[in-house]
Amino acid sequence: MSKLIVLFWTFILGQVVGYIGGALTQGTYNFVQVTIVSLIVGVIIMLIGEVALPKKEKTTAK
């Protein structure tokens with residue numbers, strides 16, 4: 001479920017950044033291109049999170 005939330009928010013924030021970036025550079029806003037780039041960035045963020053964070057080991061209480 002948390003992976004879907006990450007992809008959802010990268011989609012939303014990517015659209016905002018793409019729209020504002022297009023307006024500031026007087027370029028065009030391409031919904032499909034911004035969606036693809038933002039979801040790729042979201043996947044990269046999730047991969048970094050999986051690789052960088054150490055796994056917590058289960059310990060038994062004695």
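The following legends describe close-up views of a predicted model.

In this predicted model, local features need pLDDT of at least 70 and side-chain atom pairs count only at pLDDT 80 or more, whereas totals for chains, interfaces and linings use all residues. Residues are numbered from 1 along each chain as its sequence is written, and side-chain values use heavy atoms, with hydrogens and water left out.

View 1. Helix H1 spans residues 2-24; helices (H or I, at least four residues) and strands (E, at least two) are DSSP runs, numbered from the N terminus. H1 has 23 residues and reaches 33 Å from its first C-alpha to its last, close to the 33 Å expected at 1.5 Å a residue; the expected span is 1.5 Å times one less than the number of residues. Thr10, Gly14, Gln15 and Gly22 of H1 are buried, and the buried residues of H1 pack against H2. Buried means under 20% relative accessible area, exposed over 50%, and partly exposed in between (1.4 Å probe, protein chains only).

**View 2. Thr35 and its contacts.** Thr35 is placed in helix H2 and counts as buried, at 15% relative accessibility. When residues up to four places away in sequence are not counted, Thr35 touches Phe11 and Gln15. Contact means heavy atoms within 4.5 Å. Gln15, one of these partners, is itself buried in H1.

**View 3. The salt bridge between Glu50 and Lys3.** The model has one salt bridge, defined as a side-chain nitrogen of Lys or Arg within 4 Å of a carboxyl oxygen of Asp or Glu. Glu50 forms this bridge with Lys3, and the closest N and O atoms are 3.1 Å apart. Because Glu50 lies in helix H2 and Lys3 in helix H1, the pair ties together parts that are 47 residues apart in sequence. Glu50 is partly exposed, with a relative accessible area of 40%; Lys3 is also partly exposed, at 44%.

**View 4. The nonpolar surface patch.** Val16, Tyr19, Ile20, Leu24, Tyr29, Phe31, Val32, Ile36, Ile40, Ile44 and Ile48 make a nonpolar surface patch of about 1100 Å². Helices H1 (2-24) and H2 (31-52) are the elements that give two or more residues to the patch. H2 gives the most, with six residues. Val32, which lies in helix H2, is exposed, with a relative accessible area of 52%. Patches are made of residues with over 30% relative accessible area and no salt bridge; like charges are joined within 9 Å, and nonpolar side chains (Val, Leu, Ile, Met, Phe, Trp, Tyr) within 5 Å. Accessible areas come from the Shrake-Rupley method with a 1.4 Å probe, and for residues only the protein chains shown count as cover.

**View 5. Gln26 in the loop between the helices.** Gln26 follows H1 and is placed in the loop between H1 and H2. Its phi is near 55 degrees, a positive value in a residue other than glycine. Gln26 is exposed, with a relative accessible area of 75%.

**View 6. Gly21 and Ser38.** Gly21 lies in helix H1 and is partly exposed, with a relative accessible area of 27%. Gly21 and Ser38 are 17 residues apart in sequence and 13 Å apart in space, C-alpha to C-alpha.

**View 7. The annotated span at residues 34-53.** An unreviewed UniProt entry places the feature "transmembrane region" at residues 34-53. UniProt positions are given in the numbering used here, feature names are shortened, and annotations may be inferred rather than shown by experiment. In the model, the end C-alpha atoms of residues 34-53 lie 28 Å apart, and the span is 95% helix and 0% strand.
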